[in-house]
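Student: Hello! I have just opened this structure and would like a close look at a single part of it. Could you walk me through it step by step?

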Amino acid sequence: MGVLRDKKAFFVFLMPGLLFYLLSVFYPITESLRLSFIKWNGITPQQFVGLDNYKRLFQDPVFYKALINNLIYLVIVVIIQLSIGLLFAVLLTYLKKRANLVKTLYYVPCIVTTVAIAQLFRSIYSTQPEGLLNQMLSAVGLGGLTTSWLTNLNTVLGAVSIPEGWRFIGMYMVIFYAALVSLDESVYEAAKIDGATELQILFKIKIPMIKDILLLTFTMCLTGALRGFDIPYLLTNGGPGNASELMSTYMYKQAFTNNQYGYGSALAVFIIIESVLIIFILRKIFENYDVKAQKKAAKQALALSKRKNNKEGRVA
Amino acid sequence: MKEKAIKYLFILLLIVFLIIQIYPVIWLFIASLKDSVELSTTPFSLPKAVTFENYKNVLGDGVIGGYMWNSLKITMISLVLILVLSATIGFALSKFHYKHSKKIYSFFMFGIMVPVQITLIPLFIFYSKIGILNTSMAMVLPQVGFALPLSVMMFVNFYSFVPDELIEAGIVDGCSPYRVFLQIVAPLARNTMITIASMYSILIWNDFIFANTFISDSSAKTITMGLKDYVGAFGNVDWGATYAAISIAILPPILIYFSLNKWVTSGMTAGATKG
(Lines give C-alpha, C1' and ligand atoms only; values in the text may rest on other atoms or scores of the structure.)
Protein backbone atom coordinates (compact mmCIF):
# COMPACT_ATOMS: atom_id res chain seq x y z
CA MET A 1 0.00 0.00 0.00
CA GLY A 2 1.27 3.43 -0.92
CA VAL A 3 3.79 4.69 -3.44
CA LEU A 4 5.64 7.37 -1.49
CA ARG A 5 8.67 6.24 0.46
CA ASP A 6 9.86 9.45 2.06
CA LYS A 7 9.92 8.52 5.79
CA LYS A 8 10.43 12.05 6.98
CA ALA A 9 7.49 13.39 4.98
CA PHE A 10 5.37 10.51 6.27
CA PHE A 11 5.91 11.58 9.84
CA VAL A 12 5.41 15.24 9.01
CA PHE A 13 2.00 14.34 7.63
CA LEU A 14 1.09 11.92 10.40
CA MET A 15 2.45 13.32 13.65
CA PRO A 16 0.47 16.53 14.26
CA GLY A 17 -2.85 14.71 13.99
CA LEU A 18 -1.63 11.70 15.88
CA LEU A 19 -0.45 13.88 18.76
CA PHE A 20 -3.84 15.59 18.91
CA TYR A 21 -5.54 12.23 18.97
CA LEU A 22 -3.23 10.79 21.61
CA LEU A 23 -3.71 13.79 23.83
CA SER A 24 -7.47 14.17 23.57
CA VAL A 25 -8.69 10.60 23.15
CA PHE A 26 -6.06 8.05 24.11
CA TYR A 27 -4.55 9.77 27.14
CA PRO A 28 -7.97 10.35 28.81
CA ILE A 29 -8.85 6.67 28.44
CA THR A 30 -5.69 5.44 30.14
CA GLU A 31 -6.00 8.17 32.73
CA SER A 32 -9.61 7.12 33.45
CA LEU A 33 -8.41 3.58 34.05
CA ARG A 34 -5.72 4.80 36.43
CA LEU A 35 -8.09 7.13 38.29
CA SER A 36 -10.57 4.32 38.81
CA PHE A 37 -8.10 2.75 41.27
CA ILE A 38 -7.65 5.97 43.15
CA LYS A 39 -9.53 7.89 45.77
CA TRP A 40 -9.38 11.60 45.16
CA ASN A 41 -11.56 14.61 45.79
CA GLY A 42 -9.46 16.99 43.73
CA ILE A 43 -7.81 18.69 46.72
CA THR A 44 -6.16 16.16 49.05
CA PRO A 45 -3.34 13.98 47.66
CA GLN A 46 -4.38 11.06 45.48
CA GLN A 47 -4.60 7.80 47.36
CA PHE A 48 -4.28 4.39 45.73
CA VAL A 49 -7.16 2.20 46.88
CA GLY A 50 -6.95 -0.77 44.53
CA LEU A 51 -10.33 -2.23 43.68
CA ASP A 52 -12.22 -0.29 46.35
CA ASN A 53 -14.06 1.91 43.85
CA TYR A 54 -15.30 -1.15 41.99
CA LYS A 55 -16.30 -2.88 45.23
CA ARG A 56 -18.23 0.20 46.19
CA LEU A 57 -19.83 0.24 42.75
CA PHE A 58 -21.32 -3.19 43.23
CA GLN A 59 -22.66 -2.32 46.66
CA ASP A 60 -24.19 0.96 45.56
CA PRO A 61 -28.00 0.74 45.25
CA VAL A 62 -28.08 3.86 43.05
CA PHE A 63 -25.71 2.13 40.63
CA TYR A 64 -28.18 -0.74 40.22
CA LYS A 65 -31.05 1.70 39.90
CA ALA A 66 -29.14 3.57 37.17
CA LEU A 67 -28.25 0.33 35.41
CA ILE A 68 -31.88 -0.85 35.32
CA ASN A 69 -33.08 2.61 34.30
CA ASN A 70 -30.52 2.63 31.53
CA LEU A 71 -31.81 -0.70 30.24
CA ILE A 72 -35.39 0.58 30.21
CA TYR A 73 -34.22 3.78 28.54
CA LEU A 74 -32.37 1.68 25.99
CA VAL A 75 -35.41 -0.45 25.19
CA ILE A 76 -37.65 2.60 24.73
CA VAL A 77 -35.11 4.42 22.56
CA VAL A 78 -34.36 1.39 20.40
CA ILE A 79 -38.03 0.57 19.87
CA ILE A 80 -38.89 4.14 18.89
CA GLN A 81 -35.91 4.67 16.63
CA LEU A 82 -35.82 1.37 14.82
CA SER A 83 -39.51 0.54 14.48
CA ILE A 84 -40.69 4.01 13.51
CA GLY A 85 -37.58 4.60 11.41
CA LEU A 86 -38.19 1.39 9.49
CA LEU A 87 -41.89 2.11 9.12
CA PHE A 88 -41.18 5.60 7.76
CA ALA A 89 -38.64 4.22 5.35
CA VAL A 90 -41.00 1.55 4.05
CA LEU A 91 -43.81 4.05 3.58
CA LEU A 92 -41.44 6.41 1.87
CA THR A 93 -40.50 3.82 -0.74
CA TYR A 94 -44.10 4.02 -1.98
CA LEU A 95 -43.83 7.74 -2.42
CA LYS A 96 -42.40 8.34 -5.84
CA LYS A 97 -42.38 12.10 -6.22
CA ARG A 98 -41.54 13.96 -3.08
CA ALA A 99 -39.46 11.36 -1.27
CA ASN A 100 -36.43 13.60 -1.11
CA LEU A 101 -38.28 16.53 0.38
CA VAL A 102 -39.90 14.33 3.01
CA LYS A 103 -36.54 12.78 3.83
CA THR A 104 -34.97 16.19 4.23
CA LEU A 105 -37.68 17.38 6.58
CA TYR A 106 -37.73 14.22 8.69
CA TYR A 107 -34.05 14.72 9.35
CA VAL A 108 -34.41 18.18 10.88
CA PRO A 109 -34.60 17.10 14.57
CA CYS A 110 -31.18 15.45 14.22
CA ILE A 111 -29.50 18.78 13.60
CA VAL A 112 -31.16 20.67 16.44
CA THR A 113 -29.05 20.94 19.54
CA THR A 114 -30.04 18.76 22.50
CA VAL A 115 -30.40 21.83 24.69
CA ALA A 116 -33.12 23.17 22.40
CA ILE A 117 -34.81 19.78 22.30
CA ALA A 118 -34.74 19.52 26.07
CA GLN A 119 -36.29 22.98 26.45
CA LEU A 120 -38.86 22.11 23.83
CA PHE A 121 -39.92 18.95 25.62
CA ARG A 122 -39.84 20.70 28.95
CA SER A 123 -42.52 23.01 27.61
CA ILE A 124 -44.44 20.16 26.01
CA TYR A 125 -44.50 18.31 29.34
CA SER A 126 -45.07 21.36 31.49
CA THR A 127 -48.08 21.79 33.73
CA GLN A 128 -47.74 25.48 34.54
CA PRO A 129 -48.68 26.78 31.94
CA GLU A 130 -50.40 23.68 30.61
CA GLY A 131 -48.11 22.06 28.01
CA LEU A 132 -48.96 20.57 24.64
CA LEU A 133 -49.19 17.00 25.89
CA ASN A 134 -51.64 17.66 28.70
CA GLN A 135 -53.70 19.97 26.50
CA MET A 136 -53.97 17.32 23.83
CA LEU A 137 -54.96 14.68 26.35
CA SER A 138 -57.68 16.94 27.70
CA ALA A 139 -58.84 17.79 24.20
CA VAL A 140 -59.43 14.16 23.25
CA GLY A 141 -61.21 13.43 26.51
CA LEU A 142 -58.34 11.75 28.31
CA GLY A 143 -58.04 14.55 30.82
CA GLY A 144 -57.69 11.96 33.58
CA LEU A 145 -54.27 11.00 32.23
CA THR A 146 -52.78 14.45 32.54
CA THR A 147 -49.96 14.55 35.01
CA SER A 148 -46.78 16.39 35.75
CA TRP A 149 -44.70 14.17 33.50
CA LEU A 150 -41.27 15.14 34.74
CA THR A 151 -41.97 14.91 38.46
CA ASN A 152 -44.24 11.89 38.48
CA LEU A 153 -42.08 8.92 39.51
CA ASN A 154 -43.93 6.57 37.16
CA THR A 155 -43.66 8.67 34.03
CA VAL A 156 -40.35 10.45 34.37
CA LEU A 157 -38.14 7.75 32.87
CA GLY A 158 -40.40 7.41 29.84
CA ALA A 159 -40.61 11.17 29.54
CA VAL A 160 -36.83 11.56 29.29
CA SER A 161 -36.45 8.59 26.93
CA ILE A 162 -38.95 9.72 24.32
CA PRO A 163 -37.15 12.91 23.19
CA GLU A 164 -33.94 10.96 22.62
CA GLY A 165 -35.84 8.34 20.63
CA TRP A 166 -37.76 10.92 18.64
CA ARG A 167 -34.66 12.93 17.80
CA PHE A 168 -32.97 10.27 15.67
CA ILE A 169 -35.95 8.67 13.94
CA GLY A 170 -35.10 10.67 10.82
CA MET A 171 -31.52 9.42 10.73
CA TYR A 172 -32.53 5.77 10.95
CA MET A 173 -35.18 6.40 8.35
CA VAL A 174 -32.59 7.78 5.94
CA ILE A 175 -30.36 4.74 6.51
CA PHE A 176 -33.19 2.23 6.07
CA TYR A 177 -34.55 4.08 3.07
CA ALA A 178 -31.17 4.05 1.35
CA ALA A 179 -30.93 0.31 1.97
CA LEU A 180 -34.45 -0.39 0.74
CA VAL A 181 -34.19 1.57 -2.49
CA SER A 182 -30.85 -0.03 -3.32
CA LEU A 183 -32.44 -3.49 -3.36
CA ASP A 184 -32.61 -5.19 -6.71
CA GLU A 185 -36.18 -4.61 -7.85
CA SER A 186 -36.32 -7.67 -10.08
CA VAL A 187 -36.33 -9.94 -7.04
CA TYR A 188 -39.58 -8.71 -5.63
CA GLU A 189 -41.09 -7.88 -9.00
CA ALA A 190 -40.91 -11.60 -9.64
CA ALA A 191 -42.62 -12.34 -6.34
CA LYS A 192 -45.30 -9.79 -7.21
CA ILE A 193 -46.01 -11.53 -10.49
CA ASP A 194 -46.33 -14.75 -8.56
CA GLY A 195 -49.06 -13.16 -6.51
CA ALA A 196 -47.23 -12.26 -3.32
CA THR A 197 -48.93 -9.46 -1.39
CA GLU A 198 -47.09 -6.28 -0.53
CA LEU A 199 -46.87 -7.31 3.12
CA GLN A 200 -45.40 -10.69 2.23
CA ILE A 201 -42.84 -9.03 0.01
CA LEU A 202 -41.96 -6.64 2.81
CA PHE A 203 -41.51 -9.19 5.57
CA LYS A 204 -40.28 -12.16 3.56
CA ILE A 205 -38.03 -10.47 1.04
CA LYS A 206 -37.19 -6.84 1.70
CA ILE A 207 -36.53 -6.91 5.43
CA PRO A 208 -34.46 -10.12 5.38
CA MET A 209 -32.42 -8.58 2.58
CA ILE A 210 -31.38 -5.56 4.65
CA LYS A 211 -30.32 -7.65 7.63
CA ASP A 212 -26.79 -6.22 7.61
CA ILE A 213 -28.14 -2.73 7.92
CA LEU A 214 -30.39 -3.88 10.75
CA LEU A 215 -27.40 -5.18 12.68
CA LEU A 216 -25.57 -1.96 12.10
CA THR A 217 -28.43 0.25 13.20
CA PHE A 218 -29.08 -2.00 16.18
CA THR A 219 -25.48 -1.56 17.30
CA MET A 220 -25.63 2.17 16.74
CA CYS A 221 -28.85 2.50 18.60
CA LEU A 222 -27.70 0.48 21.60
CA THR A 223 -24.33 2.16 21.98
CA GLY A 224 -26.00 5.53 21.44
CA ALA A 225 -28.54 4.81 24.17
CA LEU A 226 -25.87 3.54 26.58
CA ARG A 227 -24.14 6.88 26.21
CA GLY A 228 -27.40 8.79 26.59
CA PHE A 229 -26.69 11.87 28.59
CA ASP A 230 -27.68 15.30 27.31
CA ILE A 231 -31.46 15.12 27.36
CA PRO A 232 -31.95 13.22 30.65
CA TYR A 233 -29.34 15.46 32.27
CA LEU A 234 -31.02 18.62 31.05
CA LEU A 235 -34.60 17.58 31.71
CA THR A 236 -34.33 16.09 35.17
CA ASN A 237 -30.65 15.48 36.00
CA GLY A 238 -31.63 12.01 37.16
CA GLY A 239 -34.38 13.22 39.45
CA PRO A 240 -36.74 13.29 41.16
CA GLY A 241 -34.55 11.41 43.60
CA ASN A 242 -32.86 8.89 41.35
CA ALA A 243 -36.01 7.99 39.43
CA SER A 244 -34.53 8.79 36.02
CA GLU A 245 -30.84 8.31 36.85
CA LEU A 246 -28.78 6.81 34.02
CA MET A 247 -25.23 5.49 34.13
CA SER A 248 -23.75 8.58 32.54
CA THR A 249 -25.75 11.10 34.55
CA TYR A 250 -24.73 9.25 37.72
CA MET A 251 -21.10 9.25 36.65
CA TYR A 252 -21.29 12.97 35.93
CA LYS A 253 -22.87 13.68 39.29
CA GLN A 254 -20.29 11.67 41.20
CA ALA A 255 -17.41 13.34 39.42
CA PHE A 256 -18.46 16.94 39.01
CA THR A 257 -21.00 17.51 41.78
CA ASN A 258 -19.55 15.30 44.53
CA ASN A 259 -15.93 15.65 43.35
CA GLN A 260 -15.38 11.89 43.65
CA TYR A 261 -13.07 11.63 40.66
CA GLY A 262 -11.97 8.07 41.42
CA TYR A 263 -15.46 6.69 41.85
CA GLY A 264 -16.69 8.63 38.82
CA SER A 265 -13.90 7.11 36.75
CA ALA A 266 -14.85 3.62 37.86
CA LEU A 267 -18.35 4.34 36.57
CA ALA A 268 -16.91 5.65 33.30
CA VAL A 269 -14.84 2.49 32.87
CA PHE A 270 -17.96 0.46 33.55
CA ILE A 271 -19.80 2.34 30.76
CA ILE A 272 -17.04 1.45 28.29
CA ILE A 273 -16.99 -2.21 29.32
CA GLU A 274 -20.77 -2.33 29.06
CA SER A 275 -20.75 -0.84 25.53
CA VAL A 276 -18.04 -3.16 24.27
CA LEU A 277 -19.81 -6.15 25.78
CA ILE A 278 -23.11 -5.27 24.14
CA ILE A 279 -21.50 -4.75 20.73
CA PHE A 280 -19.73 -8.08 21.11
CA ILE A 281 -22.87 -10.02 22.10
CA LEU A 282 -24.89 -8.42 19.34
CA ARG A 283 -22.28 -9.31 16.71
CA LYS A 284 -22.26 -12.92 17.93
CA ILE A 285 -26.04 -13.19 17.81
CA PHE A 286 -26.20 -11.76 14.32
CA GLU A 287 -23.30 -13.85 13.07
CA ASN A 288 -25.15 -17.03 13.99
CA TYR A 289 -28.33 -15.66 12.62
CA ASP A 290 -26.65 -14.36 9.51
CA VAL A 291 -25.33 -17.71 8.36
CA LYS A 292 -28.80 -19.21 8.65
CA ALA A 293 -30.43 -16.21 7.02
CA GLN A 294 -27.99 -16.16 4.14
CA LYS A 295 -28.68 -19.77 3.35
CA LYS A 296 -32.39 -19.11 3.49
CA ALA A 297 -32.17 -15.98 1.35
CA ALA A 298 -30.04 -17.74 -1.23
CA LYS A 299 -32.59 -20.53 -1.42
CA GLN A 300 -35.45 -18.10 -1.79
CA ALA A 301 -33.70 -16.08 -4.45
CA LEU A 302 -32.91 -19.24 -6.35
CA ALA A 303 -36.50 -20.42 -6.17
CA LEU A 304 -37.71 -17.02 -7.27
CA SER A 305 -35.38 -16.76 -10.21
CA LYS A 306 -36.33 -20.27 -11.30
CA ARG A 307 -39.99 -19.37 -11.21
CA LYS A 308 -39.27 -16.17 -13.06
CA ASN A 309 -37.37 -17.98 -15.74
CA ASN A 310 -40.23 -20.41 -16.14
CA LYS A 311 -42.65 -17.55 -16.59
CA GLU A 312 -40.49 -15.74 -19.08
CA GLY A 313 -40.06 -18.97 -20.94
CA ARG A 314 -43.79 -19.41 -21.12
CA VAL A 315 -44.33 -15.84 -22.34
CA ALA A 316 -41.72 -16.28 -25.01
CA MET B 1 -59.25 1.09 -6.51
CA LYS B 2 -58.16 -0.64 -3.34
CA GLU B 3 -54.52 -0.11 -4.17
CA LYS B 4 -55.10 3.57 -4.68
CA ALA B 5 -56.88 3.85 -1.34
CA ILE B 6 -53.94 2.17 0.39
CA LYS B 7 -51.57 4.51 -1.34
CA TYR B 8 -53.44 7.54 -0.09
CA LEU B 9 -53.49 6.03 3.38
CA PHE B 10 -49.71 5.71 3.22
CA ILE B 11 -49.31 9.29 2.15
CA LEU B 12 -51.62 10.41 4.94
CA LEU B 13 -49.56 8.43 7.46
CA LEU B 14 -46.38 9.95 6.13
CA ILE B 15 -47.81 13.41 6.56
CA VAL B 16 -48.94 12.67 10.12
CA PHE B 17 -45.43 11.46 10.96
CA LEU B 18 -43.98 14.44 9.20
CA ILE B 19 -46.01 16.71 11.46
CA ILE B 20 -44.79 14.84 14.53
CA GLN B 21 -41.22 15.20 13.30
CA ILE B 22 -41.10 18.86 12.40
CA TYR B 23 -44.09 20.48 14.05
CA PRO B 24 -42.19 21.02 17.32
CA VAL B 25 -39.43 22.86 15.48
CA ILE B 26 -41.84 25.01 13.49
CA TRP B 27 -43.90 25.66 16.58
CA LEU B 28 -40.78 26.94 18.27
CA PHE B 29 -40.35 29.63 15.64
CA ILE B 30 -44.04 30.55 15.78
CA ALA B 31 -44.07 30.67 19.57
CA SER B 32 -41.07 32.97 19.57
CA LEU B 33 -43.15 35.53 17.67
CA LYS B 34 -45.89 35.74 20.29
CA ASP B 35 -46.07 38.06 23.25
CA SER B 36 -46.06 36.49 26.66
CA VAL B 37 -49.78 36.99 27.33
CA GLU B 38 -50.76 35.20 24.15
CA LEU B 39 -48.17 32.54 24.80
CA SER B 40 -49.69 31.64 28.14
CA THR B 41 -53.32 31.76 27.01
CA THR B 42 -53.18 30.21 23.52
CA PRO B 43 -49.70 28.75 23.16
CA PHE B 44 -50.41 26.49 20.19
CA SER B 45 -52.42 28.66 17.83
CA LEU B 46 -50.96 30.92 15.18
CA PRO B 47 -49.98 34.30 16.58
CA LYS B 48 -52.71 36.90 16.38
CA ALA B 49 -50.18 39.68 16.29
CA VAL B 50 -46.61 38.97 15.28
CA THR B 51 -44.22 40.58 17.71
CA PHE B 52 -40.45 40.76 17.66
CA GLU B 53 -40.44 41.83 21.30
CA ASN B 54 -38.91 38.52 22.39
CA TYR B 55 -36.06 38.87 19.93
CA LYS B 56 -35.50 42.44 21.04
CA ASN B 57 -35.31 41.32 24.65
CA VAL B 58 -32.92 38.51 23.88
CA LEU B 59 -30.62 40.42 21.57
CA GLY B 60 -30.92 43.65 23.59
CA ASP B 61 -28.62 42.69 26.46
CA GLY B 62 -25.92 41.59 24.02
CA VAL B 63 -25.15 38.44 26.00
CA ILE B 64 -26.30 36.07 23.32
CA GLY B 65 -24.05 37.77 20.77
CA GLY B 66 -21.05 36.91 22.94
CA TYR B 67 -22.19 33.30 23.24
CA MET B 68 -22.62 33.07 19.48
CA TRP B 69 -19.16 34.50 18.96
CA ASN B 70 -17.64 31.90 21.31
CA SER B 71 -19.44 29.09 19.50
CA LEU B 72 -18.38 30.44 16.14
CA LYS B 73 -14.75 30.74 17.23
CA ILE B 74 -14.65 27.19 18.59
CA THR B 75 -16.42 25.78 15.53
CA MET B 76 -14.13 27.56 13.07
CA ILE B 77 -10.83 26.69 14.79
CA SER B 78 -11.92 23.08 15.24
CA LEU B 79 -13.03 22.77 11.64
CA VAL B 80 -9.75 24.05 10.25
CA LEU B 81 -7.79 21.71 12.50
CA ILE B 82 -10.01 18.73 11.70
CA LEU B 83 -9.69 19.28 7.96
CA VAL B 84 -5.95 19.88 7.93
CA LEU B 85 -5.08 17.08 10.33
CA SER B 86 -7.35 14.42 8.87
CA ALA B 87 -6.38 15.28 5.29
CA THR B 88 -2.69 14.88 6.17
CA ILE B 89 -3.13 11.76 8.31
CA GLY B 90 -5.21 10.16 5.59
CA PHE B 91 -2.58 11.04 3.01
CA ALA B 92 0.21 9.59 5.12
CA LEU B 93 -1.68 6.38 5.81
CA SER B 94 -2.87 5.70 2.29
CA LYS B 95 -0.15 7.02 -0.01
CA PHE B 96 3.06 6.30 1.88
CA HIS B 97 4.75 2.96 2.08
CA TYR B 98 5.10 2.22 5.77
CA LYS B 99 4.70 -1.15 7.35
CA HIS B 100 2.69 -0.07 10.38
CA SER B 101 0.17 2.03 8.45
CA LYS B 102 -2.61 -0.50 8.93
CA LYS B 103 -2.06 -0.63 12.67
CA ILE B 104 -2.07 3.13 12.99
CA TYR B 105 -5.27 3.26 10.98
CA SER B 106 -6.97 0.73 13.29
CA PHE B 107 -5.75 2.75 16.24
CA PHE B 108 -7.62 5.75 14.86
CA MET B 109 -10.71 3.70 14.06
CA PHE B 110 -10.83 2.48 17.65
CA GLY B 111 -11.69 6.06 18.57
CA ILE B 112 -15.06 5.83 16.85
CA MET B 113 -16.20 3.45 19.57
CA VAL B 114 -15.09 5.53 22.54
CA PRO B 115 -17.91 7.27 24.41
CA VAL B 116 -16.99 10.91 25.02
CA GLN B 117 -18.05 10.68 28.66
CA ILE B 118 -14.99 8.67 29.58
CA THR B 119 -12.70 11.56 28.72
CA LEU B 120 -14.49 14.20 30.77
CA ILE B 121 -12.89 13.58 34.15
CA PRO B 122 -9.27 13.22 32.94
CA LEU B 123 -9.53 16.19 30.60
CA PHE B 124 -11.14 18.31 33.30
CA ILE B 125 -8.28 17.52 35.69
CA PHE B 126 -5.70 18.05 32.98
CA TYR B 127 -7.20 21.39 31.94
CA SER B 128 -7.41 22.71 35.47
CA LYS B 129 -3.75 21.77 35.96
CA ILE B 130 -2.56 23.66 32.90
CA GLY B 131 -5.13 26.41 33.44
CA ILE B 132 -7.14 26.31 30.24
CA LEU B 133 -10.57 25.63 31.74
CA ASN B 134 -12.99 28.28 30.53
CA THR B 135 -11.11 28.92 27.31
CA SER B 136 -11.93 28.04 23.72
CA MET B 137 -8.83 25.84 23.65
CA ALA B 138 -10.45 23.48 26.17
CA MET B 139 -13.30 22.89 23.73
CA VAL B 140 -11.23 22.65 20.56
CA LEU B 141 -8.98 19.85 21.78
CA PRO B 142 -11.64 17.16 22.39
CA GLN B 143 -13.77 18.28 19.46
CA VAL B 144 -10.87 17.75 17.09
CA GLY B 145 -9.72 14.55 18.77
CA PHE B 146 -13.14 12.94 18.54
CA ALA B 147 -13.73 14.11 14.98
CA LEU B 148 -10.46 12.70 13.71
CA PRO B 149 -11.31 8.98 13.49
CA LEU B 150 -14.28 9.46 11.20
CA SER B 151 -12.67 12.21 9.16
CA VAL B 152 -9.52 10.14 8.69
CA MET B 153 -11.68 7.28 7.54
CA MET B 154 -13.44 9.48 5.00
CA PHE B 155 -10.16 10.81 3.65
CA VAL B 156 -8.60 7.36 3.41
CA ASN B 157 -11.72 6.25 1.54
CA PHE B 158 -11.38 9.15 -0.83
CA TYR B 159 -7.64 8.74 -1.41
CA SER B 160 -8.18 5.15 -2.44
CA PHE B 161 -9.81 6.61 -5.56
CA VAL B 162 -6.83 8.84 -6.32
CA PRO B 163 -4.65 6.79 -8.68
CA ASP B 164 -1.08 6.17 -7.51
CA GLU B 165 0.12 7.00 -11.03
CA LEU B 166 -0.98 10.57 -10.52
CA ILE B 167 1.27 10.87 -7.49
CA GLU B 168 4.13 9.06 -9.19
CA ALA B 169 3.84 11.43 -12.13
CA GLY B 170 4.12 14.37 -9.77
CA ILE B 171 7.19 12.91 -8.10
CA VAL B 172 8.83 12.15 -11.45
CA ASP B 173 8.23 15.75 -12.47
CA GLY B 174 10.23 16.78 -9.43
CA CYS B 175 7.54 17.65 -6.90
CA SER B 176 8.22 16.99 -3.23
CA PRO B 177 5.59 14.91 -1.36
CA TYR B 178 4.44 18.17 0.24
CA ARG B 179 3.79 19.81 -3.12
CA VAL B 180 2.07 16.70 -4.41
CA PHE B 181 -0.26 16.90 -1.43
CA LEU B 182 -0.90 20.63 -1.61
CA GLN B 183 -1.21 21.07 -5.35
CA ILE B 184 -2.47 17.75 -6.65
CA VAL B 185 -4.21 15.70 -4.00
CA ALA B 186 -5.80 18.22 -1.62
CA PRO B 187 -7.65 20.18 -4.33
CA LEU B 188 -9.22 16.92 -5.50
CA ALA B 189 -10.63 16.23 -2.04
CA ARG B 190 -13.08 19.12 -2.20
CA ASN B 191 -16.22 16.99 -1.72
CA THR B 192 -14.77 15.10 1.22
CA MET B 193 -13.86 18.40 2.80
CA ILE B 194 -17.34 19.84 2.33
CA THR B 195 -18.91 16.70 3.80
CA ILE B 196 -16.71 16.82 6.88
CA ALA B 197 -16.99 20.58 7.30
CA SER B 198 -20.77 20.72 6.98
CA MET B 199 -21.33 17.81 9.32
CA TYR B 200 -18.90 18.86 12.02
CA SER B 201 -19.87 22.50 11.91
CA ILE B 202 -23.33 21.38 13.00
CA LEU B 203 -22.13 18.84 15.55
CA ILE B 204 -19.61 21.19 17.15
CA TRP B 205 -22.01 24.12 17.21
CA ASN B 206 -24.58 21.88 18.92
CA ASP B 207 -22.19 20.37 21.46
CA PHE B 208 -23.38 20.46 25.01
CA ILE B 209 -21.47 17.95 27.12
CA PHE B 210 -17.95 19.37 26.64
CA ALA B 211 -19.12 22.95 27.13
CA ASN B 212 -21.06 22.03 30.23
CA THR B 213 -18.02 20.33 31.74
CA PHE B 214 -15.17 22.63 30.81
CA ILE B 215 -16.83 26.02 30.82
CA SER B 216 -18.52 27.78 33.69
CA ASP B 217 -17.41 31.36 33.17
CA SER B 218 -20.12 33.32 31.37
CA SER B 219 -17.62 35.15 29.16
CA ALA B 220 -16.51 31.83 27.65
CA LYS B 221 -19.93 30.19 27.37
CA THR B 222 -21.11 28.79 24.07
CA ILE B 223 -24.57 29.32 22.66
CA THR B 224 -25.88 25.94 23.81
CA MET B 225 -24.74 26.66 27.36
CA GLY B 226 -26.33 30.06 27.07
CA LEU B 227 -29.66 28.49 26.21
CA LYS B 228 -29.55 26.41 29.32
CA ASP B 229 -29.24 29.57 31.36
CA TYR B 230 -32.22 31.25 29.79
CA VAL B 231 -34.70 29.50 31.96
CA GLY B 232 -32.98 30.55 35.13
CA ALA B 233 -31.86 33.99 34.11
CA PHE B 234 -35.35 35.35 33.68
CA GLY B 235 -36.59 34.12 37.04
CA ASN B 236 -39.83 32.27 36.48
CA VAL B 237 -39.40 30.93 32.98
CA ASP B 238 -39.87 33.60 30.34
CA TRP B 239 -40.85 31.17 27.61
CA GLY B 240 -41.14 33.82 24.92
CA ALA B 241 -37.54 34.88 25.36
CA THR B 242 -36.46 31.25 25.70
CA TYR B 243 -38.07 30.35 22.39
CA ALA B 244 -36.53 33.35 20.69
CA ALA B 245 -33.09 32.42 22.04
CA ILE B 246 -33.54 28.81 20.93
CA SER B 247 -34.63 29.96 17.47
CA ILE B 248 -31.54 32.11 17.15
CA ALA B 249 -29.31 29.27 18.33
CA ILE B 250 -30.65 26.63 15.98
CA LEU B 251 -30.82 28.87 12.94
CA PRO B 252 -27.18 28.48 11.80
CA PRO B 253 -27.24 24.65 11.78
CA ILE B 254 -30.59 24.70 9.99
CA LEU B 255 -29.26 27.08 7.34
CA ILE B 256 -26.18 24.92 6.83
CA TYR B 257 -28.34 21.83 6.71
CA PHE B 258 -30.74 23.14 4.11
CA SER B 259 -28.04 24.57 1.88
CA LEU B 260 -25.64 21.62 2.13
CA ASN B 261 -28.27 18.97 2.75
CA LYS B 262 -26.79 16.22 0.60
CA TRP B 263 -23.39 16.45 2.26
CA VAL B 264 -24.70 16.68 5.79
CA THR B 265 -26.88 13.58 5.56
CA SER B 266 -24.30 11.54 3.70
CA GLY B 267 -21.65 12.45 6.27
CA MET B 268 -23.83 11.79 9.27
CA THR B 269 -25.15 8.49 8.00
CA ALA B 270 -21.63 7.37 7.10
CA GLY B 271 -20.50 8.43 10.54
CA ALA B 272 -23.30 6.64 12.26
CA THR B 273 -23.10 3.44 10.30
CA LYS B 274 -19.36 3.12 10.76
CA GLY B 275 -19.65 3.62 14.53
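This is a predicted model: local features need pLDDT of at least 70, side-chain atom pairs count only at pLDDT 80 or more; totals for chains, interfaces and linings use all residues.

Student: At which residues of chain A does UniProt place the feature "transmembrane region"?

Tutor: The unreviewed UniProt entry puts "transmembrane region" at residues 9–29, 71–92, 104–125, 165–183 and 261–282 of chain A. Let's see what the model has at two of these spans. Residues 261–282 of chain A are 100% helix and 0% strand, with 32 Å between the end C-alpha atoms. For residues 165–183 of chain A, the figures are 84% helix and 0% strand, and the end C-alpha atoms are 27 Å apart.

In the unreviewed entry, UniProt lists residues 67–282 of chain A for "domain: ABC transmembrane type-1". Over that stretch chain A is 72% helix and 0% strand, and its end C-alpha atoms lie 19 Å apart.

Now let's zoom in on one helix of chain A, H4, which runs over residues 99–106. Its buried residues are A:Val102, A:Lys103 and A:Tyr106. They sit on the same side of H4(A), because the arc they cover around the axis is only 100°. On the face turned away from the buried side of H4(A), you will find the exposed residues A:Asn100 and A:Leu101.

What lies over the buried residues? The cover includes helix H3 (61–93) and helix H8 (169–181) of chain A, along with helix H1 (2–31) of chain B. That brings us to the partner chain. Between the two chains, 72 residues of chain A are in contact with 72 residues of chain B. Helix H1 (residues 7–35) of chain A supplies the largest share of chain A's side, 18 residues. Sorted by class, that side has 51 nonpolar, 16 polar and five charged residues.

Finally, let's look at the largest nonpolar core, which has 163 residues. B:Ile82 and B:Ala245 have the most contacts inside this core. Helix H7 (residues 136–159) of chain B gives the most to the core, with 16 residues. The core lies between domain 1 (2–31) and domain 2 (62–274) of chain B, because both give residues to it. The centres of these two domains of chain B, taken over C-alpha atoms, are 33 Å apart. Leaving out residues up to four places away in sequence, B:Ile82 touches B:Val144, B:Ala147, B:Leu148, B:Ser151, B:Ile196 and B:Tyr200.

Definitions and conventions: Residues are numbered from 1 along each chain as its sequence is written. Chains are lettered from A and ligands numbered from 1 in the order in which they are written. A residue is buried if 20 or more other C-beta atoms lie within 10 Å of its own, exposed if 12 or fewer, and partly exposed in between; C-beta atoms are placed from the backbone. Helices (H or I, at least four residues) and strands (E, at least two) are DSSP runs, numbered from the N terminus. The arc is that of the directions from the helix axis to the C-beta atoms. Two residues are in contact if their C-beta atoms, placed from the backbone, lie within 7 Å. Ala, Val, Leu, Ile, Met, Phe, Trp, Tyr, Cys and Pro count as nonpolar, Asp, Glu, Lys and Arg as charged, and the others, Gly among them, as polar. Domain bounds come from an automatic or database domain assignment. UniProt positions are given in the numbering used here, feature names are shortened, and annotations may be inferred rather than shown by experiment. A nonpolar core is a set of buried Ala, Val, Leu, Ile, Met, Phe, Trp, Tyr and Cys residues joined through C-beta atoms within 7 Å.
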